[in-house]
Amino acid sequence: MKWTAKDDGAAQVPVLPGRRWWLPSALTHELDPVTGRAGRFRRTARDWVVDFSCFALAVVIGLTAAQSVGDNPHVPHALAVADQILGVPACAAVWLRRRWPVALAIALTAVNFVSDTAGGAYLIALFTLAVHRPFRYVAWVGAAELAIIPLYYWVRPDADLSYPAAVAFIYVLVVAVVGWGMFVRSKRQLLLSLRERARRAESEARLRAEQAQRLAREAIAREMHDVLAHRLTLLSVHAGALEFRPDAPGEEIARAAGVIRESAHEALQDLREIIGVLRTGDADDAGRPQPTLAALEALVAESREAGMKVTLDQHVTDAAGVPASVGRTAYRIAQEGLTNARKHAPGTEVAVTVAGAPGDGLTIAVRNPAPDHEPPPVPGSGQGLIGLTERATLAGGRLEHGPRADGGFEVHAWLPWG
């Protein structure tokens, strides 16, 4: 069976297809949430056909049994007439089998004890009970019927069959009806379980997609945060230089002011993009692409324009073949190393070395000597290197940082490649 899903604003709700007339009302009641919430009993076209067929079958069996009871010499005429009279409302009660299956089965069990004509209606009620209710109900009703059958044929022997044959025949018939009903119930439960499993799979897939989008947005926001921190560091360093050297030449002041203006503009743009990424529901609206190893030269050039002394030494075999995630991590390591050197060792010459080949991994190092004088304090979170260490570990590599023997500082990382 097929069904579609409709978004009601909160969750997707399964909706039955247009051709629902051929399904039993019990299934439409479970599969259609509108009917399920209303709790109303409505027969489908299939139900009307099946119910009329069951009623006709009960009448045919009742007429056959009434004829047999009338011809049975062991049954008095008055009892035969009462048997046939009880069979009429029993057959009519078949129309109530869907609404009250338990009550009808119990009532017809009692009626069937005194009326052969109600036998067909009882078998249909027992089958309905097995289809629509758990096994414990049909077990009690069926056990009661099996218990009274020997007593029934002891009081009213069959005209054509012996006592053991008659009892065995009814036993087999009752067990077969119960087994058939349980088989139909198991098929319906299987269909409902498959529907529930499909609905749950759709819900889990939707949650996984939302989680993937959220993780992508957070990753992009973290990448942009690193860029923003780089811009703000430039602002802080050059603003501090202007504060501590008010007598600097006009050209240096103008250059520092230009860097501050450009860095402030870039920082505002990065901050706007971070907020946009966190607000949007689609990670594709991320804005500018994230830098990779190919952008390392531009980073070094930007640092030189800001007044740093930076040397870049690259020995990378097939630089274009470096995976994007590895190149992005290497770029962030170099960026954080340059930012820290600008903060804590201004005026020193920083050396950036990148080397590697497929299979050997990618090595990146950022070194700077000890500063000539104590640098001015620059605000910062102090978590940059900790975040880089975690980033390198998640990428399958390692990162080490610490002071050198000459008083300088070094950040050294290795990332897997190939």
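This section describes the fold, the sheet, the salt bridges and the confidence of a predicted model.

The structure is a predicted model in which local features need pLDDT of at least 70 and side-chain atom pairs count only at pLDDT 80 or more, while totals for chains, interfaces and linings use all residues. Residues are numbered from 1 along each chain as its sequence is written, and side-chain values use heavy atoms, with hydrogens and water left out.

The protein chain contains 12 helices and 7 strands; helices (H or I, at least four residues) and strands (E, at least two) are DSSP runs, numbered from the N terminus. Of its 418 residues, 38% count as buried, where buried means under 20% relative accessible area, exposed over 50%, and partly exposed in between (1.4 Å probe, protein chains only). The accessible surface of the protein chain comes to about 23,400 Å², and 61% of this belongs to carbon and sulfur atoms; accessible areas come from the Shrake-Rupley method with a 1.4 Å probe, and for residues only the protein chains shown count as cover. Among contacts in the protein chain with a separation of 6 or more, 66% are between residues 24 or more positions apart, a contact being heavy atoms within 4.5 Å.

Five strands form an open sheet with mixed pairing, in the order S3-S4-S5-S7-S6. Two strands are taken to pair if DSSP finds at least two bridges between them. Strand S3 (309-316) and strand S6 (398-403) stand at the edges with a single partner strand each, so one side of each is left without a neighbour in the sheet. From one strand to the next, the twist averages 10°. Axes are lines fitted to C-alpha atoms, for helices over the stretch in contact, and angles run from 0 to 180 degrees between N-to-C directions.

Within the sheet, strand S4 (residues 349-357) pairs with strand S5 (residues 361-368) in the antiparallel sense over 7 bridges, and Ala355 has Thr363 in S5 as its bridge partner. Two helices pack on the sheet. Helix H10 (residues 296-305) touches S3 and S4, and its direction makes about 170° with that of S3. Helix H11 (residues 324-344) touches S3, S4, S5, S6 and strand S7 (409-415), and its direction makes about 5° with that of S5. Strands S5 and S7 run antiparallel and are joined by 7 bridges; the partner of Asn368 in S7 is Phe409. Strands S6 and S7 also run antiparallel, with 6 bridges between them, and Leu399 stands opposite Ala413 in S7. The hairpin of S6 and S7 has 5 residues between the strands, and Gly407 there takes a positive phi near 95°.

A salt bridge is defined as a side-chain nitrogen of Lys or Arg within 4 Å of a carboxyl oxygen of Asp or Glu; the count by this rule comes to 4. Side chains of opposite charge can pair when their charged atoms come close. Arg199 is partly exposed at 30% relative accessibility, as is Glu196 at 24%. A network of salt bridges links Glu196, Arg199 and Arg200.

Arg367 belongs to strand S5 and Glu410 to strand S7, so the pair ties together parts that are 43 residues apart in sequence. Arg367 counts as partly exposed, at 27% relative accessibility. The side chains of Asp406 and Arg404 also meet in a salt bridge, at 3.9 Å, N to O. Asp406 is partly exposed at 48% relative accessibility, and Arg404 is partly exposed with a relative accessible area of 31%.

Glu145 is located in helix H7 (residues 135-155). This residue is buried, with a relative accessible area of 5%. Leaving aside neighbours within four places in sequence, Glu145 is in contact with Thr109, Asn112, Tyr122 and Val174.

The mean pLDDT of the protein chain is 77, and 77% of its residues reach 70 or more; pLDDT is the predictor's confidence in each residue, from 0 to 100. Over residues 34-39 the pLDDT is below 50, and this stretch has 6 contacts in the model beyond near neighbours in sequence. The pLDDT is also below 50 over residues 281-287, a stretch with 12 contacts beyond near neighbours in sequence. Where pLDDT is low, the predicted coordinates should not be read in detail.
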